[in-house]
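I open this notebook to keep track of what I look up in the structure. The entries follow the order in which I went through it.

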There are 2 protein chains.
Amino acid sequence: MTPGPEALAATMDAIGRRARAAATPIADATPAAKRLALGAAATVLRGRMAELLAANALDMEACRAASLSAAMADRSRLDEARVEAIAQGLEAVAALPDPVGALDASWTRPNGLEIRRVRAPIGVVAIVYEARPNVTADAGAICLKAGSVAILRGGSESFESSRVIVGCMHAGLRASGLPVDAIQLVPTRDRAAVGRLLAMSGLVDVVVPRGGKSLIARVMEEARVPVLAHLDGICHTYVHRAADAGMARRIVLNAKMRRTTVCGATETLLVDRDVALTHLPPILHDLFRAGCEIRGDEVVQRMDPRVIPATEEDWRTEYLDAILSVRVVDGLDAAIEHVNRHGSHHTDAIVTEDDAAAEAFCRRVDSAIVLRNASTQFADGGEFGFGAEIGIATGRLPPRGPIGPEQLTTWKYLVLGDGQTRP
Amino acid sequence: MTPGPEALAATMDAIGRRARAAATPIADATPAAKRLALGAAATVLRGRMAELLAANALDMEACRAASLSAAMADRSRLDEARVEAIAQGLEAVAALPDPVGALDASWTRPNGLEIRRVRAPIGVVAIVYEARPNVTADAGAICLKAGSVAILRGGSESFESSRVIVGCMHAGLRASGLPVDAIQLVPTRDRAAVGRLLAMSGLVDVVVPRGGKSLIARVMEEARVPVLAHLDGICHTYVHRAADAGMARRIVLNAKMRRTTVCGATETLLVDRDVALTHLPPILHDLFRAGCEIRGDEVVQRMDPRVIPATEEDWRTEYLDAILSVRVVDGLDAAIEHVNRHGSHHTDAIVTEDDAAAEAFCRRVDSAIVLRNASTQFADGGEFGFGAEIGIATGRLPPRGPIGPEQLTTWKYLVLGDGQTRP
């Protein structure tokens, strides 16, 4: 079943070459053609429901044979409702505005040259992910909308399901007269395929890894092409001394406990010393009642016997669980310093009624997303109005933050003259 | 003089750590502080004219001792006029609008959250360059304006000159109360320092190489951090059948011959077969008279005995010299295909009076800069109105095209709420 290294290299290179060849027609595809392809894919997907569920049953069997955790297997399980959600996701991306060619900015130079900066396709995007067959549809759809070609390397837990989903997307592409090579699935479970994909610097323009930390770390380490991803989401909520106590209470509970496994979940709570005795006890009360473990510094420990002592390690840990580290800080500067030192430049929030403090926090916290008086769980492309997201990036260069179809484009400059030559 | 590998590694890591430490105060520096630092640096530079010219004389002596080409040495030579130009360059960057915190876009979500995308500093930028001591001042100034720290690795041809220039910039930083580690010069000529710099992925956020093709290629190959650069500038001018003959003539001559050594110089001329007999002869006449060598396909060869046969290699060659390859093509599609296949995605132009053809060319040519009815030599941050440029990037992700202070920033999202939690 597993091909040898040379056969694998040949397979991957062929995928890359077909992707590169498809990049031009996909970049040139009209908005209507892309809409039609995604809409048709959704229709075909609904029509092939039974086939897809049968394929997913094979995946579930393989998960059991491989002794995968029940949680992991559950994330890959499909039922009619989940398939319908995938189809609706395709239709939602189809309905989004087309980002290709959209005008970012324009200005006219003294010599009369008009300069426009417009959104342009990136080219070939490789997505490496684990489990969850819906990513197959989402990622393929977002890339197509962005005018780019997708090479999908899904988790082996959803190998058969992904094959059917990609088949439906191919039907949509065909219906629209677009090349099926626009969305390709790596046809082997061999893990070495990922290494090959990451090294194809002439054929792949950017890699988007989605999954556990070890996968992301491997991709960041090995990739010879730019990576759009975040390794950690060590998000903070900071309750400033001018915070509204009730608002702080609602925000912290939501930021930690709404869903604990998402990257935008708050992992560390910082509270100003001035308001620790007034604002913190109700927050801790809510969290304990919701089943959250609290790891606190000495001040916090004295507030409640259930508080576990926090170690240095806690300040740089992404729990992705019902655990919160809590620290009392001496004001705004100390809070900002803590966030920039221990955080992961992902998403951080301040709760305050003080405009100057909010402005300073927003400016000085070096994160992709900084919030005032809102839950860190809003770190999501859908919540930003992007319609869909392929991930959240914390690299230094753009695109940074949630990546939707528009953010998954690059830009180019159009310079429009009437015969100008340069003196 | 050359330290051992361990001493070198220690030196470079110390530079990187100091740079990282300076990144926060530089990101937070006020626009006024940055303006003052650059203005004061210009003043000090003028005051240390004699010292700088003496240092430059040492560099010239070293160039002679190393048997460097006269052209290379000349690019590093300073005189009073060139030093004054460097000082004025610092003042020009000082006068530019401050990009940090500038609002890119903002919108409000149905739940009342206001989302703003604002420009934010990248962090630590390493610039690796050859010759030309003015790059030391330009690059340091652009990074500072962009709120980033600069690590400068200049050419050994301008080692002593660069030391004096950086000393002047340190005086400016001190005068403004900013850390001098904001602009650091690698204090050794050892080439291994570059390799170390490219591997410092925790301390350096992006690398900007400037210089010859072998330097750029080395940086792209070795860097473990993102690179902003272009390897080639194989720029095209395409004379469409609906081109104004006189305009085409003026644009082609300028695009090729204004300066032949810049990356925006046209290297290949494409002419529609329909107008080859009418539009091409006057263009060739001008080029020959200006001393340009023409390498043409068979049609072009028949037009003038001085035309040299072009080989396949010519279509992918950046001459950076008074040489132009010329090809007759069968219309718009063939021209676009040629540009996307043989070009370097840098800068390409169409000359036409036909709006539909211009629109298609601009949309389908996959280059950082696409022009209509203007010279490719406008590929320059100054000509774009950026005030200064640190280079032109042809990578797939933003920033793409000319990189000025604004383009040398990243972005972040501010999310402003009044207590929103996520359902």
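Entry 1, strands across the two chains. I note at the start that this is a predicted model. I looked up S16(A) and found that it pairs with strand S13 (residues 369–374) of chain B, in the parallel sense and over five bridges. Within that pairing I picked A:Leu414, whose bridge partner in S13(B) is B:Val370.

Entry 2, the contact between the chains. How many residues does the contact take from chain A and from chain B? I find 56 residues from chain A and 56 residues from chain B. On the side of chain A that touches chain B, the elements giving two or more residues are helices H1 (5–28), H10 (245–257), H14 (355–364) and H15 (381–384), together with strands S13 (369–374) and S16 (409–420). S16(A) gives the most, with eleven residues. By type, I list the residues of this side as 25 nonpolar, 16 polar and 15 charged.

I superposed chain A on chain B with a rotation of 180° and 0.0 Å of shift along the axis, at an RMSD of 0.0 Å. That is why I write down a two-fold axis. The same surface serves both copies, as 100% of the contact residues of chain A recur in chain B. I also asked which residue of chain A comes closest to the rotation axis. The residue is A:Pro398, with its C-alpha at 2.9 Å.

I traced an open sheet of ten strands with mixed pairing, in the order S10(A)-S9(A)-S11(A)-S8(A)-S7(A)-S12(A)-S13(A)-S16(B)-S2(B)-S1(B). Its edge strands are S10 (308–309) of chain A and S1 (103–108) of chain B, each of which pairs on one side only. Inside the sheet I checked S9 (residues 293–296) and S11 (residues 323–329) of chain A, which run parallel and are joined by four bridges. A:Gly296 stands opposite A:Val326 in S11(A).

I turned to A:Gln301, which lies in helix H12 (residues 298–303) of chain A. Leaving out residues up to four places away in sequence, A:Gln301 touches A:Gly296, A:Val307 and A:Pro309. I count A:Gln301 as partly exposed because 17 other C-beta atoms lie within 10 Å, and a buried residue would need 20 or more. The C-alpha atoms of A:Gln301 and A:Arg372 are separated by 27 Å, and the two residues are 71 residues apart along the chain.

I find chain A divided into domain 1 (8–229) and domain 2 (235–378). Their C-alpha centres lie 36 Å apart.

Notes:
Residues are numbered from 1 along each chain as its sequence is written. Chains are lettered from A and ligands numbered from 1 in the order in which they are written. This is a predicted model: local features need pLDDT of at least 70, side-chain atom pairs count only at pLDDT 80 or more; totals for chains, interfaces and linings use all residues. Domain bounds come from an automatic or database domain assignment. Copies are superposed by least squares on the C-alpha atoms of residues with pLDDT of at least 70 in both. Two residues are in contact if their C-beta atoms, placed from the backbone, lie within 7 Å. Two strands pair if DSSP finds at least two bridges between them. A residue is buried if 20 or more other C-beta atoms lie within 10 Å of its own, exposed if 12 or fewer, and partly exposed in between; C-beta atoms are placed from the backbone. Ala, Val, Leu, Ile, Met, Phe, Trp, Tyr, Cys and Pro count as nonpolar, Asp, Glu, Lys and Arg as charged, and the others, Gly among them, as polar.
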